[in-house]
Amino acid sequence: MAQKVVTGWNPSFDGLLAVWLATRCTKEWKDAEVIYVKSDEEADRLGAEPDTLVVNCGTGEFSGHPHDQFPNDCASTLFAKKYGLMDDPKLRRLLRVAL
């Protein structure tokens, strides 16, 4: 089954950066198809499918909405932390802009 990265129809810089990080900086998601959706409900529906990553929309792990557990993070920083990308100084500069 083909992998998918799902984000909002009109993504913010944070959403675009999260998609870019997934498809350019990880082996796991590098060949994923990027899908743009118009609603959080559609993102959550697609996110329930296997091999699907939802970023900066929906209610998932990388939704980009403030999390009680991580109030100073956004979708791209949450993704970068989970996938060990925060140690790259060049990426850290981009991630600071997303916040």
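Here, buried means under 20% relative accessible area, exposed means over 50%, and partly exposed is what falls in between (1.4 Å probe, protein chains only). The model is predicted, so local features need pLDDT of at least 70 and side-chain atom pairs count only at pLDDT 80 or more, while totals for chains, interfaces and linings use all residues. Residues are numbered from 1 along each chain as its sequence is written, and side-chain values use heavy atoms, with hydrogens and water left out.

Leu-91, Leu-95 and Ala-98 are buried in H4. They span an arc of only 45° around the axis, which puts them on the same side of H4; the arc is taken from the directions from the helix axis to the C-beta atoms. Lys-90, Arg-93, Arg-96 and Val-97, on the other side of H4, are exposed. Helix H1 (13-25) and H3 are included in what covers the buried residues of H4. At the start of H4, the backbone nitrogen of Lys-90 has a side-chain oxygen of Asp-88 within 2.8 Å.

On to the rings. Searching the whole structure turns up 2 aromatic pairs, where rings of Phe, Tyr and Trp (its six-membered ring) pair if their centres lie within 6.5 Å, with planes under 30 degrees apart called stacked, over 60 edge-to-face and the rest tilted. Phe-62 and Phe-79 pair edge-to-face, at 5.5 Å centre to centre and 65° between the planes. Phe-62 sits in the loop between strand E3 (52-54) and helix H3 (75-82), and Phe-79 in helix H3, so this pair ties together parts that are 17 residues apart in sequence. Phe-79 and Tyr-83 are stacked instead, with 4.3 Å between centres and 25° between the planes. Together, Phe-62, Phe-79 and Tyr-83 make up one aromatic cluster. Phe-79 is buried at 0% relative accessibility, whereas Tyr-83 is partly exposed at 23%.

Then there are the charges. The structure has 4 salt bridges, each being a side-chain nitrogen of Lys or Arg within 4 Å of a carboxyl oxygen of Asp or Glu. One of them joins Glu-49 to Lys-4, with the closest N and O atoms 2.4 Å apart. That pair links distant parts of the chain, Glu-49 being in the loop between helix H2 (40-47) and E3 and Lys-4 in strand E1 (residues 4-8), 45 residues apart. Another joins Asp-73 to Lys-81, at 3.0 Å between the closest N and O atoms. Asp-73 is buried, with a relative accessible area of 13%, but Lys-81 is partly exposed at 47%.

Note on methods:
Helix = DSSP H or I, 4+ residues; strand = E, 2+ residues; numbered from the N terminus. Contact = heavy atoms within 4.5 Å. Polar contact = N/O pair within 3.5 Å; in protein donor to acceptor, adjacent residues only side chain to side chain.
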